Amino acid sequence: MIVAGMDIGSITTETVLLRDGEIFTSVILPTGANSRMAAERSLSAALEKAGVIQEELAAIVTTGYGRASFAGATKMITEITCHARGAFFVHPRTRTVIDIGGQDSKVIRLDSQGRNVDFQMNDKCAAGTGRFLEVMAHALEVKVEDLGRLSQGAPRTIKISSMCTVFAESEVVSLIAEGQPKEVIIRGLHDSIADRILGMVNRVGVEEEVTLTGGVAKNEGVARALGDRLGVALYIPPEPQIIGALGAALLARELALLPDAKN
Ligand SMILES: Nc1ncnc2c1ncn2[C@@H]1O[C@H](COP(=O)(O)OP(=O)(O)OP(=O)(O)O)[C@@H](O)[C@H]1O
Ligand SMILES: [Mg+2]
């Protein structure tokens, strides 16, 4: 049986196909301005990669902020549920999930069965998200993919005092003009994100083990700053950006096996 999970996010759209409960194919594409088109493109790319046609899918679950934009979904399910399910599948010892995406960040606490018991979400402000890092990478004239590696070479950090992305960008421009090394500024930015996330983690209460998901989990500088603050080792899945779509696919499989749950 083949099922699909799609995470239609603010920056990227992922599709995961499961065959008999195992990951068969995954694709990650930019969402762009039109989330409906992004969803269609993402599903087509995954189907093509796997050599299957849409009619062969037993169920499709969509999640993410654009989850309603795909017309062919069997069901839409929230990101909290999907990230929890995906993280628990790849790492069953997970009790806390930290997802840092493009426009929001979330902390989810799970019980030993993988059920959500509590969560916190920051969706009001870009600070503490991937978008914040994209704005800063642009100001620093570096690629967002290189931020983590660059920060590892920093001999010290620097305090970024602005709480707001727009003001923090001006602050970064001033620090560059002052002659502060880029690596030091980047490390300061990672520390500022980690401080934001730590505030949310403390409200939920951290329980080991902690799994980091979302595109920002690929930034080793943010992961290190967060791990240092939490005082625990973080589990980062081999492809942290597909965990929401993976959770959606696992829920699609459940729906296909128990069709009464579709409504
Ligand atoms: N290779 C990479 N290295 C470092 N950071 C990365 C990399 N790829 C993506 N990112 C970061 O991940 C962010 C996007 O994360 P993700 O794809 O999880 O967002 P999203 O799911 O679309 O957003 P949201 O869940 O908030 O709607 C980018 O803004 C960028 O900061
Ligand atoms: Mg996301």
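The model is predicted: local features need pLDDT of at least 70, side-chain atom pairs count only at pLDDT 80 or more, and totals for chains, interfaces and linings use all residues. Residues are numbered from 1 along each chain as its sequence is written, while chains are lettered from A and ligands numbered from 1 in the order in which they are written.

**Overall build**

The protein contains eight helices and 10 strands. Helices (H or I, at least four residues) and strands (E, at least two) are DSSP runs, numbered from the N terminus. With a radius of gyration of 19 Å, close to the 18 Å that the globule rule gives for 263 residues, the protein is as compact as a globular protein of that length. This radius is taken over C-alpha atoms, and the rule is 2.2 Å times the number of residues to the power 0.38. Along the principal axes, the C-alpha atoms fill a box of roughly 60 × 35 × 30 Å.

Of the 263 residues, 46% count as buried. A residue is buried if 20 or more other C-beta atoms lie within 10 Å of its own, exposed if 12 or fewer, and partly exposed in between, with C-beta atoms placed from the backbone.

**Two domains**

An automatic or database domain assignment supplies the domain bounds. Domain 1 comprises 1-91 + 241-263, and domain 2 comprises 94-236. Their C-alpha centres lie 26 Å apart. Where they meet, 14 residues of domain 1 are in contact with 20 residues of domain 2; two residues are in contact if their C-beta atoms, placed from the backbone, lie within 7 Å. Helix H2 (residues 79-90) gives the largest share of the domain 1 side, seven residues. That side divides into six nonpolar, seven polar and one charged. Here Ala, Val, Leu, Ile, Met, Phe, Trp, Tyr, Cys and Pro count as nonpolar, Asp, Glu, Lys and Arg as charged, and the others, Gly among them, as polar.

**Packed helices**

Two packed helices are described by the angle between their axes and the distance between the axes. Axes are lines fitted to C-alpha atoms, for helices over the stretch in contact, and angles run from 0 to 180 degrees between N-to-C directions.

| Helix pair | Angle | Axis distance |
|---|---|---|
| H3 (residues 130-140) and H6 (residues 182-204) | about 170° | 11 Å |
| H2 and H8 (residues 243-257) | roughly 90° | within 7 Å |

H3 is therefore roughly antiparallel to H6, and H2 is roughly perpendicular to H8. Angles under 35 degrees count as roughly parallel, over 145 as roughly antiparallel, 65 to 115 as roughly perpendicular and the rest as oblique.

The residues of the contact of H2 with H8 divide into 10 nonpolar, five polar and two charged. Phe132, Leu133, Met136 and Leu140 of H3 meet Lys182, Ile185, Ile186, Leu189 and Ile193 of H6. Buried residues of H3 include Phe132, Leu133, Met136 and Leu140, and their cover includes strand E6 (96-100), helix H4 (147-152), helix H5 (165-178) and H6. After H3 comes Glu141, with a positive phi near 55°.

**A loop residue**

Ile236 lies in the loop between strand E10 (234-235) and H8. With 17 other C-beta atoms within 10 Å, Ile236 is partly exposed. Not counting residues up to four places away in sequence, Ile236 touches Leu212, Ala217 and Ala223.
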